[in-house]
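Here is a friendly walk through the model shown below. Have the sequence and the structure side by side as you read.

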Amino acid sequence: MTVGLGVHGASHIRIHKQMPQDRYSKSSKYTVDRGLPGAFEGETVTRRRFMEAVTHGAGGIAAAAFGLPALGFAIGPIFKRQPFDWQIIGTPADFNETSYVTKVITIVPGIGEAGKSIAYVRARNPQIDLEPHDQWNNYIALSSRCMHLGCPVRYVQAAERFICPCHGGVYNFRGEVAGGPPVRPLDRFYTYVPPVGHPGHGYVYLGPRYSVNSELRRFSPRDPGEPLDGIGQYLYPARFDTAVRPSIANLPLPPTVPGTGS
Amino acid sequence: MPLPKLLNRPAPTTTQQSPNPVEAATEAGLTVVDWIDERTQISQGLRWMMFRKVPKGINWAYTLGSATMFAFLSQAVTGVFLAMYYRPSVTGGAYESIRNINDNVFLGQFVHGMHKWGASVMIILIFLHMARVFFFGAYKYPRELTWIIGVVLLILTLAMGFTGYLLPFDQRSYWATIVGVNINNTAPFLGPYIGDFLRGGPEFGATTLSRFYAIHMMLIPGLMAALIGFHLYLIMKLGISAPPWLKAHEPEPVIETVEV
């Protein structure tokens, strides 16, 4: 029975302290006015509160001191431009207008086979290459990277098609999508033939990669799987730092032929 | 000032007969355990963890979570020892070191095989475990957070599979990674940056392999170990859910007095 009494008794206890009318109204900003123990005149933040803030702040700064550099270290490559040097892929006599020549090129220098790729190269044919002609496309150099998901396509001369082994992407002779899942034509490389008098004259140079949309308009290099027609060019933004126009200031010199040294 | 109780203890009574060596060894072992437990109180936690009430009707399907965890432990152990021989070098070090593990190192092919096949086993087990939890309705209140952490663990496990696939660095690894990174690229807006982050640049480059290696053996395993710990804690805290076919019924009245 005593238990029952206790429970009933509790309901008769009056709560004398009234809640403030507006619970969220700010009390005085001075600790003295708030009646805090050990308050100083003119003090707005208690020492305990201040110490808490300082400790948490110091901890946060210490964590950020190693956390932020580590984060930047990890995501830094997103913002970095990778230099792409011009490389000699042959002489004009190596290439014709009706078939592609396979050239092994270096995409990333210094890492051996893993940095190599393949370009399919032919001379420009004004009959079929209807995109604007300038000094960068005297030779058409197509990347072997499939624009579906990046597998290497191979050129089949009998069909005059590029065929991807992974998911069945097919491209026509100009590298435009002829079937399958690819979202845009094969990427291309800038090519350059130095003028007469230049030490590199008589050689075909291959430069940076660029991407094209279905009208073969040039875009900065994108990754496979990113369409460049319609809304696609906005859904897949260019890199923060991309080479717009290749510089031909530092073309590598052609190899010296033994016995002809000057 | 009174001495602490410890120093007041009476001197141990020496027994005349020499103890049985087995008994002596057991006694020594118990002494060590007691010494540790007195300072850590770890046996309380262990008892809380191990001796839990489980509902009626649980069956072998309830062991799939433990099986997944043991697959993870197996991957961790074999992975650590594979790392002793593996070289994450693009310029002809990675592939050769894997070949060396398979061909020359004592039990190398076995440990490598355990890691390689264990990865598939872990994926299978984690999906079976997930199916068990789903079909038994064990994800419901109050175990939603356990489920969410489990989903994160599933994603991390798949990420482990993705990053680990590159490490043998043969043709299959290389092209699978190219394709996998390009699938990440197809996410709108963020995709190109995700790809650059994964590769460590716009092309598959010198640091891609070491980047995948670091993610595979440091970043994700650490995260997974922490999350598995939290997952387990929640299981201990919340208990195991009863199988769905077990009918809820009134608890039997507690017998308070026994009439004699």
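Domain bounds here come from an automatic or database domain assignment. For chain A, that assignment gives domain 1 (21-77) and domain 2 (81-235), and the centres of these two domains of chain A, taken over C-alpha atoms, are separated by 58 Å.

This is a predicted model, in which local features need pLDDT of at least 70 and side-chain atom pairs count only at pLDDT 80 or more, while totals for chains, interfaces and linings use all residues. Residues are numbered from 1 along each chain as its sequence is written, with chains lettered from A and ligands numbered from 1 in the order in which they are written.

Now to chain B. Chain B has 10 helices and zero strands, where helices (H or I, at least four residues) and strands (E, at least two) are DSSP runs numbered from the N terminus.

Helix 6 of chain B deserves a look. After helix 6 of chain B comes B:G137, with a positive phi near 65°.

What covers the buried residues of helix 6 of chain B?

A residue is buried if 20 or more other C-beta atoms lie within 10 Å of its own, exposed if 12 or fewer, and partly exposed in between, with C-beta atoms placed from the backbone. Among the buried residues of helix 6 of chain B are B:H112, B:G118 and B:M122.
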